[in-house]
Amino acid sequence: MADAPEQEDRDDTVEPATDIEALEREGDIAADYIEGLLDIADFDGDIDMDVEGDRAMVSVVGATLDELIGDKGEVLEAMQELTRLAVHRTTGNRSRLMLDIGGYREGRRKALTRIGKEAVDEVKRSGEIKPLAPMSPFERKVVHDAVAAAGLHSESEGEEPNRYVVIHPVD
């Protein structure tokens with residue numbers, strides 16, 4: 001029985017290396033695809049790649065890229081989906097790749113974390129359920145994480161594109 005934990009540790013160290021390699025390949029494919037789009041649209045920008053947790057992260061940084069973000073990140077979301085399709089076409093695997101342009105997602109993540117914490121405080125004070133405005137899947141995930149970190153429970157309700165987070169008080 002003493003060997004079982006060691007075996008688990010060995011398995012845990014081998015598996016992530018394979019996953020990281022696959023995620024880095026996704027990032028390379030995505031970067032090539034985004035670079036092609038930037039060239040076609042005649043936009044300047046540098047591409048950074050990273051792996052965070054279980055997904056590849058590709059960021060476009062540089063010149064003014066507001067047109068590639070769009071109103072409330074709509075163009076960014078569309079570009080992310082197109083990039084995921086390009087990765088899928090090449091690898092045959094569904095991608096969870098995250099695309100950021102001009103730091104939009106990082107800024108949005110900070111704002112949504114603050115919104116989530118403020119909503120949690122309100123729910124703790126009032127003891128009542130708090131629904132939030134409709135959000136994209138990325139935005140809902142950020143809020144769910146902030147709510148969970150504060151020790152409360154949240155759920156997504158509704159249908160896309162009007163799906164929203166509902167924060168529940170502690171029972």
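What is the volume of the second largest pocket? In this predicted model, the second largest pocket has a volume of about 350 Å³. Its lining comprises 16 residues, and those closest to its centre are Lys72, Pro134, Met135, Ser136 and Glu139. Two or more lining residues come from each of H3, helix H4 (104-126), strand S4 (130-134) and H5. By residue class, the lining of the second largest pocket consists of seven nonpolar, two polar and seven charged residues. Because domain 1 (20-102) and domain 2 (106-168) both contribute residues to this lining, the second largest pocket lies between the two domains.

The largest pocket was examined in the same terms. The space within the largest pocket amounts to about 430 Å³. It is lined by 16 residues, of which Arg55, Arg84, Met98, Phe138 and Lys141 are the closest to its centre. The elements S2, H3 and helix H5 (137-149) each supply two or more residues to the lining of the largest pocket. The greatest contribution is that of H5, with five residues. Charged residues number 10 in the lining of the largest pocket, alongside five nonpolar residues and one polar residue. The largest pocket also lies between domain 1 (20-102) and domain 2 (106-168), because both domains give residues to its lining.

Attention then turned to the nonpolar cores. The largest nonpolar core contains 16 residues, and the residues with the most contacts inside this core are Ile34, Val60, Leu68, Met79, Leu99 and Ile101. At least two residues of the core are provided by each of helix H1 (3-41), strand S2 (55-61), helix H2 (66-69), helix H3 (74-91) and strand S3 (98-101). Helix H1 gives the most to this core, namely four residues.

When neighbours within four places in sequence are left aside, Leu99 is in contact with Ile34, Val58, Val60, Leu76, Met79, Gln80, Thr83 and Arg105.

Note on methods: Residues are numbered from 1 along each chain as its sequence is written. This is a predicted model: local features need pLDDT of at least 70, side-chain atom pairs count only at pLDDT 80 or more; totals for chains, interfaces and linings use all residues. Side-chain values use heavy atoms; hydrogens and water are left out. A nonpolar core is a set of buried Ala, Val, Leu, Ile, Met, Phe, Trp, Tyr and Cys residues joined through side-chain atoms within 4.5 Å. Buried means under 20% relative accessible area, exposed over 50%, partly exposed in between (1.4 Å probe, protein chains only). Contact means heavy atoms within 4.5 Å. On a 1 Å grid over the protein atoms alone, a cavity is a set of points where a 1.4 Å probe fits but cannot get out, and a pocket is an open set with protein on both sides within 12 Å along at least five of seven lines; lining residues have an atom within 4 Å of a point. Grid points are joined across faces, edges and corners, and a volume is the space filled by probe spheres set on the points. Ala, Val, Leu, Ile, Met, Phe, Trp, Tyr, Cys and Pro count as nonpolar, Asp, Glu, Lys and Arg as charged, and the others, Gly among them, as polar. Domain bounds come from an automatic or database domain assignment.
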